[in-house]
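Work through the following exercises with the sequence and the model at hand. Each task is followed by a stepwise solution.

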Amino acid sequence: MKKTFSFFILFTLTISAFAQQPGTLKLWYKKPAGNTWTDALPVGNGRLGAMVYGNPGQEILKLNETSVWSGGPNRNDNPDALAAIPEIRKLIFEGKHAEAQKLAAQKIESKKANGMMYQPVGNLNLKFSGHDSFTNYYRELDIENAVATTSYTVDGVKYTRKVIASVPDQVIAIRLTADKPGKLSFTSFLNSPQKGKTITDKNGKLIFSGISGDREGIKGQVAFNAHVKVLNEGGEIISGDTSIVVDGANAVTILVSIGSNFVDYKTLTANPETKADMFLQKAEKRSFVAIFKDHVTAYQKYFNRVKLDLGTSASASLSTDERIEKFAGGNDPGLVSLYFQFGRYLLISSSQPAQNGMPVGQVANLQGIWNQEMRPPWGSKYTININTEMNYWPAEVTNLTEMHDPLVQMIKELSVTGQQTAKEMYGANGWVAHHNTDIWRITGPVDPIFYAMWPMGGAWLSQHVWEKYNYSGDKNYLKSVYPAMKGAAQFFVDFLIEEPTKKWLVVAPSMSPENAPASRPDVTIGAGHTMDNQIVFDIFTSTLRAAEVLGIDPEFVKILKEKRARLAPMQIGKHGQLQEWLEDLDNPEDKHRHISHLYGLFPSHQLSAYRTPELFGAARTSLEHRGDVSTGWSMGWKVNWWARLQDGNRAYKLITDQLTPVNVAGKKGGGGTYTNLFDAHPPFQIDGNFGCTAGIAEMLLQSHDGAIHFLPALPDGWKIGSISGLRARGGFDIVSLEWKDGKVSKLVIKSNLGGNCRLRIPNKLNGNNFQLKIATGENSNLFYQTDPVLDPIISSAAKINKLPIKETLLYDFPTQAGKTYTLNM
């Protein structure tokens, strides 16, 4: 025992010394979180999450497990909708929108449930007597190694705590050390807002057994167990009724394991105690050194794929909260790099693929996997009219494709539950989902009809399974997700209706998410909204292309092409804006957080400076009308839009707005960033973190518009920099991209699939031992085929020159699968 202790003291001192030297990929602070949740630091393994407070006197870990939701398996369809749809459509087409919405409220709103809530497990508390007075305080979240560390000194003794959430061992592991022997004494106990009870056993284990909360008449049915094992080195352990006391230890390892009865969205038959014990019994046989080593290896497998260097400044020496406060008025490119990588850290920590015999984890929800409230804002569920999709925007481009797997699994499950909704509510084949879902995979309308009448959620989600294919070219994967894509498209084949004026096919009833025109501010319901048309265009296009790749369903492909040709087009309104509605109803003073009609600009790619310059310019006008400051997630989306508009300085300005402290004095509304770099709607919503990470990638690399475009939206302030590890559509890995003074200085590309590589770059490059040729006409690489339905003509230079974008050069060169190509100035 003494030999192990001596080795670990050496290990701890080495790591602690490193922790005291803040690095580029660390969030660090000079004071504890106290009682402020958004000052605490998140750790997670995709299933278990903890918020670590770092309080010397009483450490708090707020615990979550991703299957702990209120209620249980349920459906929320309203079968009254089917008979009412014809009358609702008639009223809409007669211009009687208020009457149509009133009838929809009666016949379409759910009469059952409006979604269950993601809920906490409880809190692990470690109470250290006499530690309220301390010096030399320091805490950090090292996102390069996924470890939260706290250190401080009391009475000449330095205490250090480390917390990790291990994927290989499926536990949260805590290591407590002191630099003098026999100085660790504390009381550990669990408490929870959930119904349940805490017991201890004589072997140093705390056990909380609980049941999730009720919601809207649905009893809480998720049973769960939290097991906490305290392993002391030296000293003694005393087990009380509901607490465990450690007295005079040299070092302590604490393991937290949580299990529930959840099997899948319709099955709750697992044994939570057995599940929690299974992980705990395996982990307690291993040293913290071994657990930590395997944890770092598993985490860095994903995290180390991408590195970003935008330079540094004197601000890098400041604590993270100080850097946020000074960011808007200073020069701190390193904070942008940290924020970018923090988004990747959060996605790895909140969304994990199947491994080690575990099923695919749950989808990252509105708060990722971190929540302390029984009734969290918006239920901390899955809002699929933007927020859930935004969570996964970084997955492919920032080389975290495995993190997409839980979303892909949820889409497959929704494609099953949504069939009943499609048939019972709308008389349609295929499947449908509205603007919210939860762990029980509900697909009916959620919330009052003002927000609920939007049957587009399934079709938008389905674009993620197609985009995942575009990056990998994996036909076996595409075959596995094609049924879900086809079902989403089939619903609109059946549900579209001809509008009476232009005879276009439109979605009715529906809405432009959460927004209403100024002429009828209390009425959202209508027909043929621009976002709906864009989403239907995308699901038809991606499904027919998938069928063509797989060589199946030729008759269905024909139907999709015929229907697609009749969809309502995008239109430019009287203010020069891209119209949000079928009618020209936009108000230039509208500052609504949702700018849904720009879906076609991002994440879709229907709008292009080179193919549709007039519509592209109209989208810019719409974005200028809406302004910059908004909710946190909305500003994250705006970073992506300005990047697609190739305006790097405006995109950077939005990053500055997003990295503004949410509580800054005199701030005029909108969101920002909390001390722990969480995005603020406010309150906390994690989608803004993910949206901004994706947006920073879009500023440096785009691959949606017929070519791989390098430095499309580089701001003036990023004079020199480099990034490695990004991915481009068509199976290309960007091994390295370096730039100086706005020009690409070095480029290394790996082709995984072979085929033509078309580059759009700001300056001339030369290939090492291969020839570049000026590109003309359509890209022969099938992953980069643009769609002739939108605009069959490549726009002339004269048209493009009317847009505020920089001139570029277009090159082609053939590639072989598995080969790497280097280009230099």
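**Exercise 1: a strand and its partners**

Strand β7 is joined to strand β8 (residues 157–166) by seven bridges, and the two run antiparallel. This is a predicted model, in which local features need pLDDT of at least 70 and side-chain atom pairs count only at pLDDT 80 or more, while totals for chains, interfaces and linings use all residues. Residues are numbered from 1 along each chain as its sequence is written, and side-chain values use heavy atoms, with hydrogens and water left out.

Task: Describe the pairing of β7 with β8 and with β6, and the burial of β7.

Solution. 
1. Helices (H or I, at least four residues) and strands (E, at least two) are DSSP runs, numbered from the N terminus. Two strands pair if DSSP finds at least two bridges between them.
2. On the β8 side, A148 stands opposite V163. The β7–β8 hairpin has two residues between the strands, and D155 in the turn has a positive phi of about 50°.
3. On the other pairing, six bridges join β6 (residues 135–142) to β7, again antiparallel. T135 has T153 of β7 as its bridge partner. Four residues lie between the strands of this hairpin, where A146 takes a positive phi near 55°.
4. For burial, take buried as under 20% relative accessible area, exposed as over 50% and partly exposed as in between (1.4 Å probe, protein chains only). Eight of the eight residues of β7 (147–154) are buried.
5. In a regular strand the side chains alternate between the two faces of the sheet. In β7, V147, T149, S151 and T153 point one way, A148, T150, Y152 and V154 point the other way, and all are buried.

**Exercise 2: the buried side of a helix**

Task: Which residues of α3 are buried, and what do they pack against?

Solution. 
1. In α3 (residues 97–107), the buried residues are H97, A100, Q101, L103 and A104.
2. These residues lie on the same side of α3 because they cover an arc of only 165° around the axis. The arc is that of the directions from the helix axis to the C-beta atoms.
3. Their packing partners are α2 (81–93) and α11 (449–452). Contact means heavy atoms within 4.5 Å.

**Exercise 3: a residue in α19**

Task: Is M699 buried or exposed, and what does M699 touch?

Solution. 
1. M699 lies in α19 (residues 687–700).
2. M699 is buried, with a relative accessible area of 0%.
3. Leaving aside neighbours within four places in sequence, M699 has contacts including V639, A643, Y652, L711 and W718.
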